Amino acid sequence: MINSSLKQLGDMLQAKKISSVELTQTFLSRIREYNPNINAYVALDEAKTLAQAKAADARIAAGNAAPLTGIPIAQKDIFCAKGWHTTCGSKMLANFVAPYDAHVISQFDAAGAVNLGKTNMDEFAMGSSNETSYFGGVKNPWDFDRVPGGSSGGSAAAVAARLCAAATGTDTGGSIRQPASLCGFTGLKPTYGVVSRYGMIAFASSLDQAGPMAKSAEDCALMMNVMAGFDARDSTSLNREKEDYTRDLNKPLQGLRIGLPKEYFAAGLSADVGKVVMDAVNEYKKLGAEIVEVSLPNNGLSIPVYYVLAPAEASSNLSRYDGVRYGHRAAEYTDLMDMYCKSRAEGFGAEVKRRILIGTYVLSAGYYDAYYLKAQKIRRLIAQDFVEAFKQCDVIMGPAAPSTAFKVGEKVNDPVAMYLEDLYTIAVNLAGLPGMSIPAGFSTSNGGKALPVGLQMIGNYFDEARMLNIAHQYQQVTDWHTRMPELNTQKEAA
Amino acid sequence: MEWEVVIGLETHAQLQTKTKIFSGASTAFGAEPNTQACEVSIALPGVLPVLNSEAVNCAIKFGLAVNAHIAPRSVFARKNYFYPDLPKGYQISQYELPVVGKGAITIQVPAVGKNAAYEKVINITRAHLEEDAGKSVHGAVEGMSGIDLNRAGTPLLEIVTEPDMRSAAEAVAYAKKLHELVQWIGICDGNMQEGSFRCDVNVSVRPKGSDKLGTRREIKNLNSFKFMTQAIEFETRWQIETLEDGGAISQATVLFNPDTGETRAMRSKEEANDYRYFPDPDLLPLEITEADKARVKAQMPELPEAMKARFEAQYGLTSYDAASLTASRELADYFVAAVTAGAEAKPAANWVMGAISAKLNAEEKTLADSPVSAAQLASLLKRIADNTISNNAAKQVFEAMWNDEGEVDAIIEAKGLKQVSDTGAIEAIIDEVLAANAAMVEEFKAGKEKAFNALVGQAMKASKGKANPAQVNEILKKKLS
């Protein structure tokens, strides 16, 4: 059951072969069993969760269930959920209980889904290993010595370890796709503006986008049907007609043109990842796709551009955490300035502080033109690269991350090495395009446990349904996405 | 050396919208602290701003009223600084691309001493939309400071002039004209006590004839025209004295203390914040089309200049009278209401600018509190026009109406002020007067014109003031001829 698709779970629930309470209990007991080691969840509230499951059962009994009614979903702790601790992985918000629901949360509530708990994440979504969380790191379920990726590391581990039926994540520079690659599941970052950001704690507003993290493309499509849609409370939410993201899942791929950017297969990519990705591309050839080489000449600038723009926005977005109205306030201080300084010094971790400093610097008088404005100009060039590439192909494919999951502690003291984790994902956020990572195989080249490798797919604006179709067809002829990590021996060894 | 003062104003006009500029919270004044602070006002994690289109309409109205360029595309920017009453740690404002660009306002500077009144054009540099901050509350809780976020997010239009003014009188004339204009077009209630209209005044001095600007100091948050005059005059004197004593002016923000009548620096430029402005990624650029402007224009009232010209043409008023009546929307509306209710234009204008204005001034009231409505004034003027009462009697009736003694006809009745216009009755009175004043009649016949007026006076006295003076004149003339 824990490996069933959302569609199968929905069918079982509606056929009353199983109740939502039973299904929820199954996941809760797995969480009790494995979460102490994996640390995927930072907030659990069984009473609230089971109340939702009971309500879902009543709704099913009344005969007005929706596809996700009764299905337990893990929510990244970046989404405000009324009555739930909502911490964003930070000491700053360790005691913050949200008094309102994010749009994403209320969409799942309306669909009758069950909120299983809030998942761990890098502090304010700043990180690629989940090691910046105030609540401790998250273990990669495939190898407890390794990181799950970040920033949506808790959701990633929960999906991979089957501690939920599916989860939500957010992706500012790769935070859904890189952990999906490192933990071996399907993750989608939609086109910017498709999912409302209302109630999603801001990191970098012009880049942040929520999306599904699930076992398969089909599951992601069902999640998208709940998450996507116009919301007047977010000015950047796009007012488009509601889509059924499952509509194209079964279309054949004959004639699909896949673009491979030469810059994605250059220095920086580890050989084992490159091989798995090319194997997947060859599988697509068998499905009728043709391969074209494309170029994204400015991709190399995406990391420096991102590390100007994202910190700039973050430095301002995080100004509200000042100890005045909510969140952490220092116990002792001499005056207002001292209260600000101490509260923020104590409440934020090192990576968050680093980015606030960078962001403040690049926006300062005398530096703004050289950094912020310059970066905005290059951002447009990066987006233009994709426009050119999509003249030659329907989708772009490549690696989602340069290597398989790395060891805990391996990169945490080397910010630049950590930032390079997002070499293949960041440009997609800068351009506002949709991107996915799908399980494409495993690598044992590190000599230890087999570690998953993701294939990244980048689509044109609003091509999510097409991308889900392309991923789904691959998942009909491969079984990488059904593989589960072995948890018990790792748990005992730990 | 002769000095010249150079003044520019930045005015914050609070826009009359029901809800805040970026949220649905109410903007009503005077509620219990933090009862109008929604999640956006408090800046909870995850909230987002959504622009209130009514605030945009207000900005467009202002732009149209001052013949300004209205930007087809303007951008909201974040102004970053820490302060307890600024919940997000930044204020959403407009920086490089404001909604309203260059425009102009013509002011009337009143006569002072031997200097005659004159008109002057003040150029508007820009006007931009922004949100207000909350308020710090001291003393509500013993030993602590509180924050009231009811005002946080209230829409403001910041209106900036060129340094075009050369005296406190010009600055105040501009501020008054602007104050009237924003109320006229219905975008601001103009309540200065409640902070709906606040002015920052930039003052610098330079040797007369120089075209170089001196270093300016900014007087913050003036909320009365009286204080504005005092503050500018003090600041100007202080700057001139400082320079004449060999000192230098350094750029600073100053506050005016109404108790001492002095300005005092609160922070120097060195302590000024670097606000790290950048475009707000949560808001799309504001786009205003020609159609938007046309739609707003159609909702706008007639502007003062146009109304003044119309009053002259339509009612035959003098330019002076028309200007006086259109000095405020209230006054103009009152006048038009009186005319619409049947009063003749010229007497209505005289009464509005005369008796009514005098009463209101004496009692420090506004037209809104006037005990005599425009309709009541019209019925009074109709009774003068139809000869029911004399002008003198009308003054008594007006007085009684002001004191809430009832409607026009009832007061005329009660006070017995009705004119006698019955020819027979007047003839009888005149016959008596002629009989009793034979000596005067003789004087008149001997060519003493004055005697005629004396006889009229006697007749009016005999009628207890009620006889129609025109008829008395006429009948008396006939009888004496």
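Predicted model: local features only at pLDDT ≥ 70, side-chain atom pairs only at ≥ 80, totals over all residues.
Figure 1. Helices (H or I, at least four residues) and strands (E, at least two) are DSSP runs, numbered from the N terminus. Two residues are in contact if their C-beta atoms, placed from the backbone, lie within 7 Å. Residues are numbered from 1 along each chain as its sequence is written, and chains are lettered from A and ligands numbered from 1 in the order in which they are written. Local features need pLDDT of at least 70, side-chain atom pairs count only at pLDDT 80 or more, and totals for chains, interfaces and linings use all residues.

**Figure 2. Chain A contains an open sheet of 11 strands.** The order is β1-β3-β2-β4-β6-β5-β10-β11-β9-β7-β8, and the pairing is mixed. Two strands pair if DSSP finds at least two bridges between them. At the edges stand β1 (41–43) and β8 (290–294) of chain A, each of which pairs on one side only. From one strand to the next, the twist averages 35°.

**Figure 3. Strands β7 and β8 of chain A pair in the parallel sense.** The pairing of β7 (residues 257–261) with β8(A) extends over 5 bridges. Within this pair, A:Arg257 stands opposite A:Glu290 of β8(A).

**Figure 4. Helices α3 and α4 of chain B cross at roughly 150°.** The axes of α3 (residues 168–184) and α4 (residues 225–244) of chain B come within 9 Å. The crossing angle makes α3(B) roughly antiparallel to α4(B), because angles over 145 degrees count as such. On the α3(B) side, the contact is made by B:Ala168, B:Ala171, B:Val172, B:Ala175 and B:Lys176. On the α4(B) side, B:Phe225, B:Met228, B:Thr229, B:Ile232 and B:Glu233 take part.

**Figure 5. Chain B touches chain A.** In this interface, 25 residues of chain B are in contact with 35 residues of chain A. On the side of chain B, the elements that give two or more residues are α1 (39–42) and β3 (76–80). The residues of that side divide into 16 nonpolar, 3 polar and 6 charged. Ala, Val, Leu, Ile, Met, Phe, Trp, Tyr, Cys and Pro count as nonpolar, Asp, Glu, Lys and Arg as charged, and the others, Gly among them, as polar.

Technical notes:
Axes fitted to C-alpha atoms, helices over the stretch in contact; angles between N-to-C directions. Parallel < 35°, antiparallel > 145°, perpendicular 65-115°, else oblique.
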